[in-house]
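Subject: Structure for your review

Dear colleague,

Please find the structure below, followed by a summary of what was found in it.

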Amino acid sequence: MKELEKKLLNSSFSHIYVEKEAFGYPLTKKILEKFPNSKIIELDTYKEIFSKGNQNFIMQKKSPKLILAVKKENYLYEGAKVCESFGNDNFYYTSSVINCIYNCEYCYLQGVYTSANIVIFINIEDCFHEIEKILQEKSMYICISYDTDLLALEGITGLVEQWYDFVSKNCNLKIELRTKSSNIKALKNLKPLDNFILAWTLSPENFAVEHEKGAVSLEQRLKAAKEMLEKGWKVRICFDPVIYIENFEKEYGELVKRTFNELVSENILDVSIGTFRISKEYLKRMRKYRENSEILSYPFFCEEGVYSYYPQHIKKMIDFMKEETGKYIEDEKIFI
């Protein structure tokens with residue numbers, strides 16, 4: 001894991017809040033052992049801390065606290081319309097962790113939640129049981145890393161390995177692990193699975209440095225993706241969200257070129273391309289937190305409660321990205 005990731009984790013979690021019920025779970029014990037110097041505070045429900053009023057997401061990002069909780073409902077959510085299903089039926093996502101160690105300026109999580117503290121649900125087995133019930137009737141495609149970056153937190157939670165073990169026993173289940181991390185240590189010695197997809201979100205180098213605080217560099221993401229590709233893993237590349245920036249065609253053109261210079265296109269599972277889009281209510285909160293953000297201050301177009309660029313602008317951006325990507329990979333592997 002990159003030094004910046006380590007520093008962020010070491011400077012955080014000075015306080016760990018634990019639900020009373022959570023103390024009885026093995027994962028709680030495992031996590032607490034990793035933070036012997038943290039102050040442990042018992043509470044009845046994680047919402048006492050996570051959902052209280054008058055919190056400042058941006059300030060909390062500087063030193064987030066950890067909350068260990070037992071999830072009791074909503075183990076699965078149907079995939080949102082703004083998210084790509086990649087042609088899979090029965091598309092769901094699940095959240096075993098809420099919030100991320102990274103601090104990306106455009107991240108929708110700061111619009112969803114008032115707290116930047118990280119909640120880990122320590123009863124992943126209950127989620128697995130729920131999935132097993134559904135798998136008796138139909139196959140499933142589940143994105144497991146939408147509301148966090150599970151791979152970046154793997155050194156703390158071990159949840160990615162648990163998902164690996166679970167999916168290896170269920171051939172009618174396919175999962176996607178999306179990340180901006182290079183923390184592949186837990187996976188690189190495991191056997192690749194056809195139903196376990198590693199998906200890297202990639203951004204232009206300078207943009208990533210400025211606007212994706214805490215995340216590893218483009219170079220490190222590509223290096224990790226390359227290593228896993230060479231080991232035979234299913235790897236997806238996500239140019240999503242594409243954000244309109246100064247010198248857009250130059251910056252994103254270089255990103256696409258660099259990506260396919262590093263990765264063998266024939267081995268890539270597929271590519272996702274999507275422009276920035278966000279719920280009207282989420283954007284309102286995000287702008288409140290980041291008044292000086294050029295990304296969020298853009299005069300977006302609102303349609304059916306979702307803000308994005310104007311349709312003609314989106315078309316221009318997507319057409320450019322598709323044309324550039326199409327130089328390296330066949331059209332049927334490009335999802336928009």
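Which residues does Ile41 touch, not counting residues up to four places away in sequence? Ile41 is in contact (heavy atoms within 4.5 Å) with His15, Ile16, Tyr17 and Val18.

Please note that this is a predicted model, in which local features need pLDDT of at least 70 and side-chain atom pairs count only at pLDDT 80 or more, while totals for chains, interfaces and linings use all residues. Residues are numbered from 1 along each chain as its sequence is written, and side-chain values use heavy atoms, with hydrogens and water left out.

Ile41 itself belongs to strand 2 (residues 39-43); strands (E, at least two residues) and helices (H or I, at least four) are DSSP runs numbered from the N terminus. The relative accessible area of Ile41 is 24%, so this residue is partly exposed, where buried means under 20%, exposed over 50% and partly exposed in between (1.4 Å probe, protein chains only). Between Ile41 and Glu73 there are 32 residues of sequence separation, and their C-alpha atoms lie 24 Å apart.

Salt bridges

Side chains of opposite charge can pair when their charged atoms come close. A salt bridge here is a side-chain nitrogen of Lys or Arg within 4 Å of a carboxyl oxygen of Asp or Glu.

Arg258 pairs with Glu205 at 3.0 Å, N to O. Because Arg258 sits in helix 11 (residues 248-262) and Glu205 in helix 9 (residues 205-211), this pair ties together parts that are 53 residues apart in sequence. Both partners are partly exposed: Arg258 has a relative accessibility of 26%, and Glu205 one of 39%.

Lys315 and Asp319 form a salt bridge at 2.7 Å, N to O. These two residues share helix 14 (residues 311-326), where they are four residues apart, about one turn of the helix. Lys315 is exposed, at 53% relative accessibility, whereas Asp319 is partly exposed, at 37%.

Arg178 and Glu176 make a further salt bridge, with 2.9 Å between the closest N and O atoms. Arg178 and Glu176 are both buried. They also take part in a network of salt bridges that links Glu176, Arg178, Arg236 and Asp270.

Yours sincerely
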